[in-house]
Amino acid sequence: MILFIIIFGSMHIDTANYSDFAPFGVGGVMKGAGIVFFSFIGFDSVSTLAGEVKNPGRNLPIGIVGTLAIATVLYCAVAIVMTGMVRYDLTDKDAPLATAFHQIGYDTVAAIVGFGAITTLTATTLCSLLGQPRIYFQMAQDGLLFRRFMVVSRKTGVPEFGTVLTGIGAGLLAVLFPIDQLASVISIGTLLAFAVVCGGLLVLRYAPPASDRSRASRRVRQLVPGIVCVLAVLAFSFALAARHDVSFVICALMLWLFVCVTAYLAYYVKQQPCTATFACPLVPAVPAAGLFVNCYLLAQLDGAAFLRAIVWTLIGLLIYVFYGIRHSQLNFVVDNDSDRADDGDDVSDNDNDVDYVVPLDEMSAGMGDRHDSHVRLLAADALDDAQ
């Protein structure tokens with residue numbers, strides 16, 4: 001359908017419609033990008049299927065990068081074709097593609113595009129219903145959500161409870177909230193998640209492991225998260241200053257400080273070795289740039305979106321404080337490390353800390369194996385008893 005729109009629409013482009021290109025300037029482009037950023041959330045569903053991929057270390061990066069590249073090219077092509085067919089101020093925000101073909105006199109094509117849009121929305125919804133329950137599954141496996149979320153169907157091998165809950169929740173949100181509010185909330189959630197991933201990558205790459213108990217390592221573990229927070233504050237402040245037309249000198253100073261802090265992290269903090277099959281290249285430049293862009297786009301959203309984000313973030317924090325923090329598997333790992341240290345055992349980087357939680361992981365790894373749900377509950381109960 002998208003290729004049909006691009007090919008057929010490109011035959012009816014009026015170049016005069018490009019005369020007033022980007023009428024709202026860079027600020028308008030960034031504000032629009034912040035609102036529609038949720039369009040890129042589809043590739044996130046690829047990463048949620050890691051437990052069902054034969055070779056995730058190789059295949060997941062290919063799938064994620066490939067999905068992003070293809071989606072970006074298609075989005076840009078559709079936007080160029082649509083704005084070439086009809087002036088930007090004459091498009092219908094509720095059904096822009098179908099309306100564009102209708103305005104140039106192709107009613108039949110408009111009907112086909114409208115039908116294709118409906119089926120595409122359905123497919124996108126199913127894609128989200130596929131990914132979100134698996135996120136619940138992994139969080140429950142880590143002890144951060146209730147064990148009910150990691151019970152899988154004996155027949156299908158999928159987390160039924162999480163799937164049903166996701167479907168009901170998505171349906172209620174669609175009924176109760178208008179599309180513009182949902183778009184802002186989803187975009188701010190996506191941007192926050194991506195910003196946290198970029199910051200978390202810096203922490204994981206530079207902070208020494210918890211098994212290293214030297215004074216210098218403890219100092220670095222405290223320093224790196226602080227540096228990440230400083231980078232986020234500088235990026236967000238720069239975006240706000242640029243949005244409100246604050247002095248160029250102030251904006252340039254914030255940008256210079258951001259670059260200096262990133263350079264300090266690169267040259268004065270030792271990077272930890274990474275043995276993963278796929279590793280982010282050019283650290284810290286790439287994650288720092290990602291953090292900057294996400295914070296910049298976040299600053300383009302309105303205050304109502306931040307208010308809603310604060311509400312559901314507080315709900316998540318309450319679940320973590322009253323349940324997740326007490327049931328997290330990290331408690332089990334830390335307790336075993338402490339016992340070994342007290343017994344005089346050497347706890348070093350070469351020790352595989354996750355061995356202490358392998359029994360649960362082995363029982364529940366890979367939903368494609370369709371493990372018995374009762375085995376999962378027994379494993380979780382055994383873990384709780386051990387804690």
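**Entry 1: a term I needed.** I call a crossing left-handed if the near helix is turned anticlockwise from the far one by less than a right angle, and right-handed if clockwise. I also kept in mind that this is a predicted model.

**Entry 2: α9 and α10.** I looked up this pair and found that their crossing is left-handed. The axes of α9 and α10 come within 9 Å and cross at roughly 160°. Angles over 145 degrees count as roughly antiparallel, so α9 is roughly antiparallel to α10. Then I checked who meets whom: L231, L234 and F238 are among the α9 residues in this contact, and the α10 side includes L255, F258 and L265.

**Entry 3: the core.** Which residues have the most contacts inside the largest nonpolar core? I found L202, Y206, L231, F238, F258, L265 and L291, in a core of 27 residues. The elements giving two or more residues to this core are α8, α9, α10 and α11. Its largest share, nine residues, comes from α9. I picked out L202 and saw that its contacts include V228, L231, L265 and P287.

**Entry 4: α11.** This helix runs over residues 285-298 and reaches 20 Å from its first C-alpha to its last. I noted that 10 of its 14 residues are buried, so α11 is largely enclosed by the rest of the structure. Among the buried ones are P287, L291, F292 and Y296. What covers them? I found that the cover includes α2, α8, α9, α10 and α12.

Methods: Residues are numbered from 1 along each chain as its sequence is written. This is a predicted model: local features need pLDDT of at least 70, side-chain atom pairs count only at pLDDT 80 or more; totals for chains, interfaces and linings use all residues. Side-chain values use heavy atoms; hydrogens and water are left out. Helices (H or I, at least four residues) and strands (E, at least two) are DSSP runs, numbered from the N terminus. The expected span of a helix is 1.5 Å times one less than its number of residues. Buried means under 20% relative accessible area, exposed over 50%, partly exposed in between (1.4 Å probe, protein chains only). Contact means heavy atoms within 4.5 Å. A nonpolar core is a set of buried Ala, Val, Leu, Ile, Met, Phe, Trp, Tyr and Cys residues joined through side-chain atoms within 4.5 Å. Axes are lines fitted to C-alpha atoms, for helices over the stretch in contact, and angles run from 0 to 180 degrees between N-to-C directions. Angles under 35 degrees count as roughly parallel, over 145 as roughly antiparallel, 65 to 115 as roughly perpendicular and the rest as oblique. Lists of a residue's contacts leave out its neighbours within four places in sequence.
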